[in-house]
Amino acid sequence: GGFLTLLAYLAEGACGLPVFSPAGPGGLAQLFFGPTSGYLLSYPLVAAIAGGLTRVLGRRLPQFASAAIGCAIATVVLFLTGAGWFMAFTHLPLRAVWIASIAPFLPGEAVKILAAAGVYSTLRRRFRNKPSV
């Protein structure tokens with residue numbers, strides 16, 4: 001589900017729809033040749049990792065914990081691919097890449113991970129207890 005949704009998002013952007021950052025050139029240029037390309041191209045993979053890990057871990061852990069861990073690991077992959085591309089694109093040293101493209105986003109990512117885990121676990125609990133129609 002998440003993989004295909006984010007693949008569709010990338011296809012929309014590749015076609016020129018204004019779904020990427022307004023600061024970039026948009027379209028294929030931003031998707032494949034911009035400083036954020038690594039982040040954008042990793043979105044489908046990251047969604048698949050988050051969903052897959054959450055499902056697998058959910059068999060042994062509480063839903064909130066499985067979702068938080070799945071999202072956290074997926075976020076690490078997002079930052080590795082995105083910052084790796086950014087570093088190659090800009091030729092900046094690792095410290096500068098950390099300051100420019102990772103560190104400022106960590107607090108927001110932590111909030112998003114906790115919020116997503118909370119929403120996921122709440123919805124799983126609510127729909128698991130609903131009688132089927």
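A residue is called buried when its relative accessible area is under 20%. By that criterion, buried residues account for 29% of the 133 residues in the chain of this predicted model. The predictor's confidence has a mean pLDDT of 93 over the chain, with 96% of the residues reaching 70 or more. Helix H4 has the highest mean, at 97, while H2 has the lowest, at 89. Such values are worth a look at the outset, since where pLDDT is low, the predicted coordinates should not be read in detail.

The overall layout can be described briefly. Six helices and zero strands were found in the chain, giving the pattern α-α-α-α-α-α when read along the sequence. Along the principal axes, the C-alpha atoms fill a box of roughly 55 × 35 × 20 Å. Of the contacts between residues at least 6 apart in sequence, 54% join residues at least 24 apart. The chain exposes about 8,300 Å², and carbon and sulfur atoms supply 73% of that area.

H3 covers residues 37-57. With 21 residues at 1.5 Å a residue, H3 should span 30 Å, and its end C-alpha atoms do lie 30 Å apart, so expectation and model agree. H3 also bends by about 45° at Tyr43, with a proline, Pro44, following within four residues. Several residues of H3 are buried, among them Gly38, Leu40, Pro44, Val46 and Ala50. What covers the buried residues of H3 includes H1, H2, H4 (63-90), H5 (94-101) and H6 (106-128).

A pair of aromatic rings is described by the distance of the centres and the angle of the planes. Three aromatic pairs were counted in the model. One of them joins Tyr9 and Phe20, whose ring centres are 5.5 Å apart with 80° between the planes, an edge-to-face arrangement. Tyr9 belongs to helix H1 (residues 2-14) and Phe20 to the loop between H1 and helix H2 (27-33), so this pair ties together parts that are 11 residues apart in sequence. The two partners fall on either side of the cut-off for burial: Phe20 is buried because its relative accessible area of 9% is under 20%, whereas Tyr9, at 22%, is partly exposed.

Tyr9 has another aromatic partner, Tyr43. Tyr9 in H1 and Tyr43 in H3 are 34 residues apart, and their pair links distant parts of the chain. Like Tyr9, Tyr43 is partly exposed, with a relative accessibility of 28%. Together, Tyr9, Phe20 and Tyr43 form one aromatic cluster.

Is Glu109 buried or exposed? Its relative accessible area is 14%, which is under 20%, so Glu109 is buried. Leaving aside neighbours within four places in sequence, Glu109 is in contact with Thr75 and Phe79.

Definitions and conventions:
Residues are numbered from 1 along each chain as its sequence is written. This is a predicted model: local features need pLDDT of at least 70, side-chain atom pairs count only at pLDDT 80 or more; totals for chains, interfaces and linings use all residues. Side-chain values use heavy atoms; hydrogens and water are left out. Rings of Phe, Tyr and Trp (its six-membered ring) pair if their centres lie within 6.5 Å; planes under 30 degrees apart count as stacked, over 60 as edge-to-face and the rest as tilted. Helices (H or I, at least four residues) and strands (E, at least two) are DSSP runs, numbered from the N terminus. Buried means under 20% relative accessible area, exposed over 50%, partly exposed in between (1.4 Å probe, protein chains only). The expected span of a helix is 1.5 Å times one less than its number of residues. The bend at a residue is the angle between axes fitted to the seven residues ending there and the seven starting there. Contact means heavy atoms within 4.5 Å. pLDDT is the predictor's confidence in each residue, from 0 to 100. Accessible areas come from the Shrake-Rupley method with a 1.4 Å probe; for residues, only the protein chains shown count as cover.
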